[in-house]
Amino acid sequence: MAISTNPFTNYTLSIAAQYNDTQTGIVEAQKKPARRVYRSMDSMLRECVFLGATRFGTNFIA
């Protein structure tokens, strides 16, 4: 590996590293969170009474 005499090498490498970090952060931020799985109606209602309306429809009454 040859030693570079370019004075802008460190500057360019730091920009490339920041770009890579930003790109990795965007990919991580766009991942969807895992869905919550409820094994029973009681466990779902313990967390939030209004959650049933989003899962079972607007006519759901707890």
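This is a predicted model: local features need pLDDT of at least 70, side-chain atom pairs count only at pLDDT 80 or more; totals for chains, interfaces and linings use all residues.
Residues are classed as buried at under 20% relative accessible area, exposed at over 50% and partly exposed in between, with a 1.4 Å probe and protein chains only. Residues are numbered from 1 along each chain as its sequence is written, and side-chain values use heavy atoms, with hydrogens and water left out.

The secondary structure consists of three helices and zero strands, where helices (H or I, at least four residues) and strands (E, at least two) are DSSP runs numbered from the N terminus. Along the sequence, the pattern is α-α-α. Confidence is expressed as pLDDT, the predictor's confidence in each residue on a scale from 0 to 100. The mean pLDDT of the protein is 78, with 71% of residues at 70 or more. Helix H1 has the highest confidence, at 93, whereas helix H3 (residues 51-56) has the lowest, at a mean of 63.

Of the 62 residues in the protein, 6% are buried. Accessible areas were computed by the Shrake-Rupley method with a 1.4 Å probe; for residues, only the protein chains shown count as cover. The accessible surface amounts to about 6100 Å², and carbon and sulfur atoms account for 59% of that area.

Phe8, Tyr11 and Ile15 form a nonpolar surface patch of about 350 Å². Patches comprise residues with over 30% relative accessible area and no salt bridge, like charges being joined within 9 Å and nonpolar side chains (Val, Leu, Ile, Met, Phe, Trp, Tyr) within 5 Å. Tyr11 lies in helix H1 (residues 9-29) and is classed as exposed because its relative accessible area is 55%.

One salt bridge was identified, defined as a side-chain nitrogen of Lys or Arg within 4 Å of a carboxyl oxygen of Asp or Glu. This salt bridge pairs Glu28 with Lys31, the closest N and O atoms being 3.2 Å apart. Glu28 is partly exposed, at 46% relative accessibility, and Lys31 is exposed, at 52%.
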